[in-house]
Structures are given as C-alpha cells and as structure tokens.
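Student: Got a multi-chain model open and I want to walk through it. Can you take my questions as they come?
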Amino acid sequence: MAITLTHYLVLASVLFVIGLIGVMRRKNLLMLFFATEILLNATNIAFAAISHYIGDLSGQMFAFFIIAIAASEVAIGLGLLIVWYKRTGKIDLDQMNSMRG
Amino acid sequence: MELYLYIALFAPLVGSLYSALFSGSPKSQQVGIVASGLLFTSFLSSAILLTYVMSGHTVHVEMMTWMATGDLYIPFGFVVDQVSVVMMMVVTIVSTVVHVYSIGYMDHDKGFNRFFAWLSAFVFSMMVLVMSDNFAGLFIGWEGVGLCSWGLIGFWYHKESATWAANEAFIMNRIADLGMLIGIFLIYWNVGSLQYDVVFAEIGNLQPVIITWIGIFLFIGAMGKSAQFPLHTWLADAMEGPTPVSALIHAATMVTAGVYLVVRSNAIYDLIPNVGIFIASLGAFVALFAASMALVNRDMKRIIAYSTLSQLGYMFVAAGLGAYWVALFHLMAHAFFKALLFLGAGNVMHAMHDELDPFKMGGLRKVMKGTFVMMTLASVALAGIYPFAGFFSKDLILEVGFVEHHYVIYTVLLLTAGLTAFYSFRLVALIFHGEERYKLFGIHPHEAYKFMLVAMSPLLVLAIIAGSFKMTYFQLVMNLLPATQYHVHDQTTYWIMTIGTQLFVIAAILFAYKKYANWSNVPDGSSAMERSFFYKLLWNQYYIPKMYEEIFAKPYAELSRIAWKQIDLKIVDATVDAIANGIYKTGENTRDIQNGNLSTMLRWMVVGLVVLSILAVAFTVGYNAVGA
Amino acid sequence: MFEAIAFYLFAALTIVMFTITVMTSQALYAITAMAAGMIFISAFFFILGADFLGAIQIIVYTGAVMALYAFGMMFFDTTRNVVEKRTNPRIVFVLGVLAAVMVVAIFVAPIVSNNIQALYPIQENVGNSQAVGMVLFTKYLVPFELAAVMLLVAMIGGIVLAGKKMDKSLTLMKEEEIDGLDEGFEPEAGGH
Amino acid sequence: MIDHILTLLIFFPALAAMLGFVVTKDSMRAYGIAVAGIEFLLSLWLWYAYDPMVSGMQFMESAPLIPAFGVNYLLGVDGISLFIIILSTFFTLIGIASLTEKRRIKDLIITLLFLEMTMVGVFAALDAIVFYVFWELSLVPMLYIIGAWGGPLRIYASVKFFLYTFTGSLVMLVGMLFMAYFYYQATGQWSFSILEWYRLILPENFQLWLFVAFFLGFAIKVPMFPFHTWLPYAHGQAPTIGSVILAAILLKMGTYAFVRFSLPLFPDASVYFMMPIAIISIIMIVYTAMVAYAQEDIKQVVAYSSISHMGVIILGTFALNVEGVSGSVFLMLAHGVVSGALFLLVGVIYDRRHTKLMSEFGGLASVMPRYAAIFGIMMMASVGLPLTINFVGEFLSLLGFYKQSHMLTLTAGTAIIVGAIYMLSAYKKAFFGNVTNEENKNLKDLNKTELVGLIPLTIVAIWLGVYPKPVLEPINNSVESVIQLMHDKAQSEEAKLRIPDLSGKNGTNTMQEAN
C-alpha cells in the first residue's frame, strides 16, 4: 500500500487538531506558543506533501516562509513575554484582561 | 391692434404692482386713483378692440414660449375674438366701476393700498383667463383669479370667519381645478396640443367616449369656479370679503368663468349633447336650489350671493342646451345688474355700519335715495321685467328651454324666476321700506359719497339698456358660436308665454312688497314660520355646510392626526427604531464575548474558523452540484 | 513498503510527541517533546524529497527556535508545575476535530477534482536544493527579501524588548518607578 | 480653464475651506460669502458656456484612478445635472449670506464649503465610484451641522439620519459592484463609468435585482415612504442652514440618481416597477400631506410637505416620457428653491421667538407684513400656483404620468388639493387672526441679512415660473436622449410600448452619438 497525499493530509490535520486543542486548552502563555508552533508545523507538512505529489515547488516555498515567520514570531513573542513577566510575574492568560470591551 | 391688446392685458398688472409697492405704507388716495386710471385705460383699449372686432377682424398674438418640452408646446398666446372681447368689455367695465367705487368704500381701511394691489391683480388674472388662446393659459388665469379671490375674501385677515372662508374657497376651487387639469391632460394626450384652434378643429376625430370624458372633466373645473352644486358652499361664505370684491369677483366676473369655459369649448360640448343635458339639468337644479335658500336668509350679501348662484344656474342651462350665445348674453347682462346690486348693498352696509341683517334696517329710502333707486332698478332687471336687461337675457333662456322641448327645465326655471323676483323685492322692501327699525340699534345711516354713486351709474345705465344690444351682440358672436335663433314659432304661444311670465314675476314682486314693505319687528326665531321644518332646512342651507364639515373636514383632520400620531410615529418610525434597537441590544448582549480573556477569544477564533470552513465547503459542494 | 513503514512510524512518533507537548503540565517535558517532534517532522520532508526543507527544519526549528525557547524559559519559573484552569474540554475537542475535518476537506477537494496545474514543476535532473534556489531567487525574490528584512526586524525587536533594563528587576519595583524609567515603555501594559 | 471647470467647481470650495482655518473669526463671514460668490459665478459661467443644443455630456474630464478596475475620475454635466449644480452653489451662497447663526460661525462656514464640494461632486460625477464617494462624503458635513448646531435631540436625529442613509447607500454600493462585474463579464474589462454602463443591455432578471439594490439607496435619500421618518427628525433638529441645504440639495441627490442611474441602466425594470413605485409615490403625496396637516410645528409642516412634493418628482420620473421626466427634473429645482426658501422663512421666525409652534403665533401678517408677503408667495409656489416655479414642474410631471395611468394620476393629482389644505391652514394659523400672544406684538420685520437671502429666491421662484425656457430647454434635450436610450435598450414588449420612441423626431441625438 502506497502512501498517498491523503495520508499526509490526514496526518497534518491530526497535528493541526492537536495544536488547536493546545491553543484552546493552554492558559500558560509559553505553552500557547508551543501550540502555535505545532499548528505551523502541521501546515508545513501539508504544504510539503502537496508540493511533492503535485510536482510544484510553490508548496515548499510557502513552507519556507512559514518557517521564517515562525522564527520572527518566536523572537518577538518571547521578547514581549519576558517584558510582561518582568512586570507582573505571571504569564497566565486568564489574568490578561485589559482588553475587556 | 396688438398694442391695444397688450395695454388692455397689462395695464391692470401695472396697477397691481404699483399698488403693491405701497402696500406696506399707510393709505394714500393716489394709489386708488392710479389703479383706477390704469383700469380705465384697459377699458378704453378693450373698447377699441371691440370696434375692431366688430368690423370683422380678430387679433391673435403669441407673446413668448411658456413651456416647451417633448411634444408639449405652450406659449403665452392671446386672442381677441368675438367671444373674448365681450368678456373683456364686461370685465373692464365692471372692474373700472368697482375700482372707482372702492376708493370711497375702502376709504377708512388700513389696507387700502393692499386692496388695490389684489383687486388689480384679480383683473389681470381675469383678463388672462378670457384672452388666452389655449387651455394652459386659461388655467393660469383660472388659478390666478382663485388666488386673488383667496386674498380678497380673506382681506380682513384678523377675522377668523374671513380667513376660514378664504381657505374654503381656495380649497374647493382646487378640487374642481384637479378635474380641469385632468381635462387638460386628456386633451393634450389625445390631440397633442392645447391651442383652442387646434383642439377645436381636431376634437371631432376623437372617440366619443374620450370627448365625453374631456367634457366632463372640464365641466368639473367649471363647477368649482361657478360654484355649482355640490361645490357651491364657498360662494355664500365668500361674502366675508369686502363688498366691492363680492361685486366684482363673486357676482360679475370670476364665478362666470365656468360659463365662459363651457361657451369657449362649445366645439367640444356640441359633440356630447348628453353631457350638455346634464349641465342644463344641474343648472336648473342649482337655479331653484339657490333661490330657495335665498328666500329665508337674513344676510343681505348672502341673499345676493344665492341669487348669483341661481343666475349661474340659468347660464348653465343655456350653455348646456347649446345656446351658448344666450348664456354669454345673460352672463353679460347679469354682470351689470348684479354688480350694481352688490355695490348698492355695499352702500347700505356702509350706512348701517356693517350691519347685514335686512330686518334691522327698514325705511332707508329716505336717507339713501340714490342707492334706493339703483338697487330697485337692479332688482327689477334681475327679476326680468321689460324693458330691463334681465328680460331680454333671462326670458330668452326660458324660451330656449321651451324650444328645445325640455319642459321640466322650463318649468323649474319659470318657478325660479318667480322666486327670484320674490326674494329680490323682499330684500328691497325690508331695506328701504317700512319702519325705520335701525333706530332701535342706534345707527345713523348716511348716503355714500357722491362719486361712488356716479361711479355706479354706468352699471345702472347698462342694466337698463343692455337688452337693446341683443341684435348687435348676436351679429357679433355668431361668427364664433352656433348661431341658432330661439323663437317660439307659434305667435300666440309666444305672447302667452312672455306676458304670462311677466305677470307671474310682477305678482311675485307685489307679494313680496305686501308681505315685507310694512315689516315692523326684528324676528327672533319664535314665529311659527321660523320653527317650521322647511324654514329650518332652508335656513341651514339644507344642512350641506354642516354635512361637509362632518363628512369631510372633521374626518380629514382626525385621519391626519391618526396618520401622524399613530401610523407615522407609532408604526413606521417605531419599526425602524425597533430594528435599530434590536441591533443595539444584540451588541449589548454579545459584549461579553469581548471580555478580554484571550483564551476565550482564541476559542471564538476557532469557532469562526470552523464556521468559515464549513461555509467554504458548503459553497464548494453547492457550486459543484450546480456546475455538474 | 519502506516508505509506508517510515511514514507510519514517524507519524506515530510525531503525534505522541506533540500530544505530550500539549497535555503535560511540566514545561520542561513540553519543550523536550516538541523539539523531538520537530525533528521527526523533518523526517517527513526527507521522505517527500524536500531535502532542503528538511535541513532547514532541523536547523531553524530544532536549532534556533528551540534554543530561543530554552533561553526564554530561563526567565520563568520552569520547575514548578504549570497550573491551568480547565474549562469545557469537550467543546475544545469537538471544535478541534471539526476544524480538522474542514481543513482536510478544503485541501482534498481541489486535489481530488484534479484541476490544479503545476506552476513551477519539479525538474527531475536537478537536485532539490538547486531547484529550490532557482525558484526562490527568481519568482519569490521579493518575498524572500522581505522575509529577510522581517527576520532582521524581529531580531532587533526581540533584543530590544527582552534586553531592556536587564540590569533591573522590574518585579521588585513599584508601578510608578517603572513608568518613571521610560515614558515610552508601554504605559498601559500593567492593566489597571 | 474651461477644460477643467468641473474640477475647479468641485475643489475650489474645499481648498477655500481649508484656507478658511487661518481666517480670523470676524472676517469669516465675508470670506465665506466671497468664496461662495466666486463659486456661484463659476457655475453661472458653466451655464453660459454650456451648449443647450447638445444633449450629451459636456465639459468631460477624465483621469485614471485605479486603472486595473476601470475606476476613473470622470466628470461631466448635461442638462439634467447642470442646473442642480447651479442650485447647489446658489444655495450655498444664499445660505452663507443669510446666516444668522452666532455659535462657532467659522466652523460652520468651513463645513458648508466642504458640503458644497461634495454636492457639486455628486452631480458632476460620471463614474460610479466617484459618485459614491461624494455621495457618502456629503453625509459627514451634514451630520456635523446637525450634531453641532442642532436642537436638543440632535444626537438622536443625526444618528438616525446617518444610519438610514448609510444603510441605503451600502446596498447601493453592492449594486454598483455587481453592475461593474456584469460589465466585466460582458466586455472583459472593468469599468465604473456610467456612460459605459449605459451601453450595456442587461437581461431582465438581472435588471430587476440591480434596480432594487439601487432603488433602496436612492429611496432612502429621497426619502420615499416608508423610509421617510429620518427626515422630520433631521429637519426638526437641524439648524436653519442645515434644513435649507438638506431640503434644497441633499434630497435631490436621490431623485437625480433615479434619472441618472435607474432609468437608463434598467429600462425594463423601470417599466416593471413603474406601478408599484407610482403607488408608493401616491402614498407619499397624500399620506404625508395629511401628516403635514396634523403638525403643530411649522417647520414640520414644511418638512412633510417636502416629502409630499418629492412624491410628485418620483411620479414624474417614472412617467418615462419626455414630458414627465423633464417636469420632474424641473420640479427638483423648483422644490429646491421653494422649500429652501420656506425653511429660511421658518428660520427667521425661530430666530425671533425660539419656537416653531404655530399655536404660539397668529396675526403675524399685521406685525411682519413683508415677512408675510414673502411667505405667502413661497407658500403659493409650494401649493403650485401657475406662474410660480413649482407649477411648471408639477404640471409636467403629472401630465407625463397621465400617459401611463389615468386613475393613478387622478389620485396623485389630489396633491394640489391636499397641498393647499395643509399650507393654507398653516398660513392661516400663523399669519391670520389677531395677535394674541404678547410676545409677538413687537416682532421686527425682515432685516437686511434675511432679505438678501429671500429676495433672490422670490425672484427666481417667479422668473422661472413665468419663463422656464432657458432652464427647461437644456433639460428637455438631455432628457430626450435618456428616453431614446431607454427605448433603444428596452427588451420587453411592454417597455417598448411604454417608453416613447423619439428617433423620428428632429434634432434628437442618441447618447452614443453625443459621447
């Protein structure tokens, strides 16, 4: 039995769901970051797989850019997180409600 | 000749504008004199035009374009032909007299200058009405006289009754004007033009049903202006205006515009005899109906107003039966003696300090000789006694009815002639004869200014001799109107009819004198006659004004209030507000979503993602399904 | 056959690793599991023939990003268990699954209907890195440069944010003192 | 300069308004009058340079804005828009010249000049997007005027005004985008040019939907029943100048847009919806006239009378023949002049007494004769007396629609009756009778500032009633080309029948030739 694109897509979506669950479940900001990384990686797999099975390099290109974005996100996000932690001593999501409308 | 036409037309306008300039400043005699002078100029020009027309010419000018769009082309065009020149003469003569008279009558009024502005403006509108060569121009004049009538009825605007009457007159006329407007629309879309000559030349080619509708709608217009039933109530109320106004507008000129319209459109009405019969029947009905109300009225001016209404009925009988020239002739004769009657009544009013109840007068002939003579002669003319003007015109209408074999109409008109004589002389007897009841009220009557009486004299002369123009007049208008001679063929019948009518009328006069010449008390509503049903019915004008009030005015006001308070505010507006409120409330309620908790927000984000992707899938599936 | 075995093996490993990342309450476990998961993902790239991408995955993710997280964690108290309030795990799960199904459907639909054409077909005669380079520096040159600038900006931003007032412990200072340090320093961040 | 006169007309007031920020408060009025005066002269020059014999667009200007989607800065005027532009500049001038407002006059004049820019922009725009932009921009200054200088309920009124009109125009925007998309499908190019759209013949079912989308936007602006309730509030709370501009110009945007968009773009849909719209117009005419009769506040009488007259305009527009459409375009001007003047007049009495309730007045004719005279003339014009400006428009509108339906015209014709009823009774309540209220005994008659505003309006109201030709002729020529275009485009049998064919007529250019 050959591995088809569908296998990869199912895998990607399983990972994506894991990421989503993490995003929804986690209250610790650091953990939330991990979950987003999972989401990004899940898509990367999907892109690479599509790229492979269709024979088009655009998918890989997108994966590159996603990695670049992930890297920038981590840099900025962690920076902010540290500043936040230094001011409040907590990185709990439930305590960040200054945006209450 | 065009110059004279323009002078005749625009001299009153100049007079009006000149007077309007001074309308803000206190009374100055010269305004009245200038306005009267300009009116006299207009009269002279009309007279010159009359001689010109009598020599067999007509004048037709087109001053400028008014409206032109699509196929519609309406110019300011004026025509002086055999019919319009007669009207012009009537209008200018009566209005010149009334202007001069008003200088005396309005002597003590604060609004002297304003009065002349309105009065001259009225004459201008009337001239436009009669001289226009198309229906749109006629409509300008038509509405113009309506406006001036509004301004003049409500001239004493501090009086509630006057302004109410003014509005009533205007609005009632508007109802009729709508009919006229529809008539004009019908003509335009079927003929393609509004010029008289084109319309009358083409009208025969149309389908009979369309011609009938045109005739009906134009007549509805005429009904309003000429106060025919059921739009008659405004005329009696219009007596709130100054008396010269009643004389000029509500007796001699404006109210006869309806008759003029029918006469002018004779080419149309000739083709639809059925409508003609209806017009004649309505005319006969109104003649009797109005005369009956005049029998018991105790307001001098209203009695004369009802008499006017009654005479308008006569005119419509003639016009409806196709005797257009007879209608126009009666219009002319009536204008003279009725204006005279009104001006006389004005003198009496002045003398009696605006008292209108003839029962409170009596014996005035001693102090007001001139007025007495004039009013008596005018009443004789109105009653139609030989050789006064009324005899020639009114008896002719009776003959028309007889010759055309409409015996019912003839009988009604004959009866009305008797009633007319009765109420006219009831008025004369009550005012000028009998005991001097006015002394009870401490009034010291005095004769009007000399020049007012002099001003009235031309009307007196015309009221007496107008009948002798009959043949000249007939020669003149037969160029334009159907020249049917109405003669009872049998000589015996003719003489019996004429003499019989005369005797009947004289009997009515004598009865009136007998009953009222020696009246001594002021009735207070306690006599048996005053309590009878018919008296009450007539006294309340058949309860028609009250009915209109109850059926139209009050429900309209109530409905308006409901439309505003209930429908507009409570339904339409409230619906919109409810929608807005709903959205606002939704916002308030969903505000909790934005509670600032990032975790919750993330969850909502996922919900949104799911919804969006479901939509995407659904649309794709749907699209493929449709595409396949 | 080999490919299938590899796929299932790595798939299982990745899923397990990521599940640990999401579920554990120990921050250290989480980061370790995630680093492992990242490496396993690069395996898929190699299987798919995207060698360059696989290398990048290992270098950037496992090398740079994880190192960054590790350094970041030093600032926080990582020995303590992460205590989190749980609300409605069922909703979380249902939403997750639904989202997944939809994502799959969206990805699969156009591929199943086979109406996608390759814009930049993979050339057989050149290696993956070479091919990637050709596309990256021709068609995607502008995005590439932009990404470079973005990374630079992110780097500077990260340094500025995290490195600010490193010598002071802001937790020990009062609110006013902090505000006094630097007016431009997010005055609202405390949340009043 | 003549080549860019429209751009000049649009942006000169805006530029002057911006410069106005540096003008001192005391000289602001003079500055405003000067700017509005120059603008008015420019618009008169536009009229002078306009060739009345050409039925198509003139003074066209074009510059690409978003070439990829065919959005161009496209301007031009024809007989239909020319006079509304002049009316806008005229009323801005009159409004500033007779301004009696004391509060923050500088801001007010600057706002008015901005408003002038948007008004001229709407009427000169030939590109749907440009049109839309100006259409929406016009809301902002008006909102500011109501919100900043209005009465006690101004916030409610202005929010209502904004939400109503904005909702409508959003639907209209969607319609425009669809229209552009259809154009793209038909020709393979994007275009928002109205003139390009004119050439498109849409299938009838598309026409119906698009017509409804456009209709909603226009109808709310007009405002047509049952979307009219924002207007009384807006008028009730707006300062005099706001009401004047609102009634005279802003409402005309809706009716103008009907002639500019709905008729030539969707001839079949116009015929299809003719009767329902006529019935709505008749409801507007009669119903709002009744509501007007019930009012106690004289300004509300005038406000509701506006709605009633707008009904006649809509009726004339949907007569779909030259007489009716010319009449309705003319009536737009007429109603602008008359209702603008009436609002100015109401403002005069409000300035003196700070109340608009008719029961507070009575007998004003003897205290303020000049005021009563001018009010009387304007009232009679509003009632539609011949030889006043309104009559020409009303007569032609009704005449035109009579061709389409006899019974409906007869019903609509009651406008002349009900109009007389509410106007005369309002006049009677306020002006006739004795002066009962002590406060009214010493009211001053019109002063110079007020006369400056009112006398030109009176002159125009009578002049164009007696001699409408200079205005009616260019309108007629442009309308003829619109009608011919509609006839040529019409597909259904009924539409071909209802819209007259003018091609046999001498001197009629079709729109294609003119462009």
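Student: How do strand S1 and strand S2 of chain D pair, parallel or antiparallel?

Tutor: Antiparallel: S1 (residues 58-66) and S2 (residues 71-77) of chain D pair over 6 bridges. Strands here are DSSP E runs of at least two residues, helices are H or I runs of at least four, and both are numbered from the N terminus. Two strands pair if DSSP finds at least two bridges between them. This is a predicted model, where local features need pLDDT of at least 70, side-chain atom pairs count only at pLDDT 80 or more, and totals for chains, interfaces and linings use all residues. Residues are numbered from 1 along each chain as its sequence is written, and chains are lettered from A and ligands numbered from 1 in the order in which they are written.

Student: Which residue is the bridge partner of D:Ala63?

Tutor: D:Tyr73, in S2(D).

Student: And what's in the turn of that hairpin?

Tutor: S1(D) and S2(D) have 4 residues between them. D:Gly70 in the turn has a positive phi of about 65°.

Student: What about S1 and S2 in chain B, how many bridges there?

Tutor: Strand S1 (residues 59-69) of chain B and S2(B) pair over 9 bridges, in the antiparallel sense. B:Val61 stands opposite B:Phe78. The hairpin has 2 residues between the strands, and B:Gly70 takes a positive phi near 55°.

Student: Why call S2(B) largely enclosed?

Tutor: Because 8 of the 9 residues of S2(B) (residues 72-80) are buried. Buried means 20 or more other C-beta atoms within 10 Å of the residue's own, exposed means 12 or fewer, and partly exposed is in between; C-beta atoms are placed from the backbone.

Student: Back to chain D. Where does H1(D) bend?

Tutor: At D:Phe11, by about 35°. The bend is the angle between axes fitted to the seven residues ending there and the seven starting there. A proline, D:Pro13, follows within four residues.

Student: What span should that helix have?

Tutor: H1(D) has 16 residues (5-20), so at 1.5 Å a residue it should span 22 Å. The expected span is 1.5 Å times one less than the number of residues. The end C-alpha atoms are 22 Å apart, which agrees.

Student: Which residues of H1(D) are buried?

Tutor: Among them are D:Ile5, D:Leu9, D:Pro13 and D:Ala17. Their cover includes helix H2 (28-49), S1, S2 and helix H4 (105-124) of chain D.

Student: Switching to interfaces. Which chains share the most contacts?

Tutor: A and C, of the 4 pairs of chains in contact. A contact needs the C-beta atoms of two residues, placed from the backbone, to lie within 7 Å. Chain C gives 73 residues and chain A gives 66. On chain C, H4(C) supplies the largest share, 12 residues. That side of chain C has 58 nonpolar, 11 polar and 4 charged residues.

Student: How are those classes set?

Tutor: Ala, Val, Leu, Ile, Met, Phe, Trp, Tyr, Cys and Pro count as nonpolar, Asp, Glu, Lys and Arg as charged, and the others, Gly among them, as polar.

Student: How many residues of chain D are in contact with chain B?

Tutor: 45, against 39 residues of chain B. H20(D) gives the largest share of the chain D side, 7 residues. By class, that side has 27 nonpolar, 13 polar and 5 charged residues. Chain D does not touch chain A; their nearest C-alpha atoms are 22 Å apart.

Student: Is B:Tyr543 buried or partly exposed?

Tutor: Partly exposed, with 13 C-beta neighbours inside 10 Å. B:Tyr543 also has a positive phi, about 60°.

Student: Last one: what's the mean pLDDT of chain D?

Tutor: 89, and 97% of its residues reach 70 or more. pLDDT is the predictor's confidence in each residue, from 0 to 100. Over residues 507-515 of chain D it is below 50. Where pLDDT is low, the predicted coordinates should not be read in detail.
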